[in-house]
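Please examine the sequence and the structure shown here before reading on.

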Amino acid sequence: MKNCWVAVITHSFGTDATVCATQELAVNEVYQYVKEWWNQISDQPVIEDKWKAIEHYFDKTNGMESYDIIESPMIGFQP
């Protein structure tokens, strides 16, 4: 069975969920969100290390925003 990764971001406008073929793509999806909204939490340039930037951003939102990257089986996938 093939797995996929779901990048889930919850914010003040709702929840975004993106299905990705790899964990790396899911991390990239969350990092792109962080880069887009970075100026809401810092006047400094965005941290280049993706994991550090993601953790820093969501820590600074004080629980108002959150993310998760969930590994899940792909039901019915046929290559």
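Trp 37 counts as partly exposed because its relative accessibility is 29%; this class lies between buried (under 20% relative accessible area) and exposed (over 50%), for a 1.4 Å probe and protein chains only. Tyr 33, at 10%, counts as buried, and Phe 58 is buried as well, with 8%.

The model is predicted: local features need pLDDT of at least 70, side-chain atom pairs count only at pLDDT 80 or more, and totals for chains, interfaces and linings use all residues. Residues are numbered from 1 along each chain as its sequence is written, and side-chain values use heavy atoms, without hydrogens and water.

Rings of Phe, Tyr and Trp (its six-membered ring) pair if their centres lie within 6.5 Å; planes under 30 degrees apart are stacked, over 60 edge-to-face, and the rest tilted. The count by this rule is 5 aromatic pairs, including the two tabulated here.

| Pair | Centre distance | Plane angle | Class |
|---|---|---|---|
| Tyr 33 and Trp 37 | 6.4 Å | 40 degrees | tilted |
| Tyr 33 and Phe 58 | 6.3 Å | 10 degrees | stacked |

Tyr 33 lies in helix H1 and Phe 58 in helix H2, so their pair ties together parts that are 25 residues apart in sequence. Helices are DSSP runs of H or I with at least four residues, numbered from the N terminus. Ring pairs join Tyr 33, Trp 37, Tyr 57, Phe 58 and Tyr 67 into a cluster.

Beyond its neighbours within four places in sequence, Tyr 57 is in contact (heavy atoms within 4.5 Å) with Tyr 33, Val 34, Trp 37, Trp 38, Ile 41 and Glu 65.

How values were computed: Helix = DSSP H or I, 4+ residues; strand = E, 2+ residues; numbered from the N terminus.
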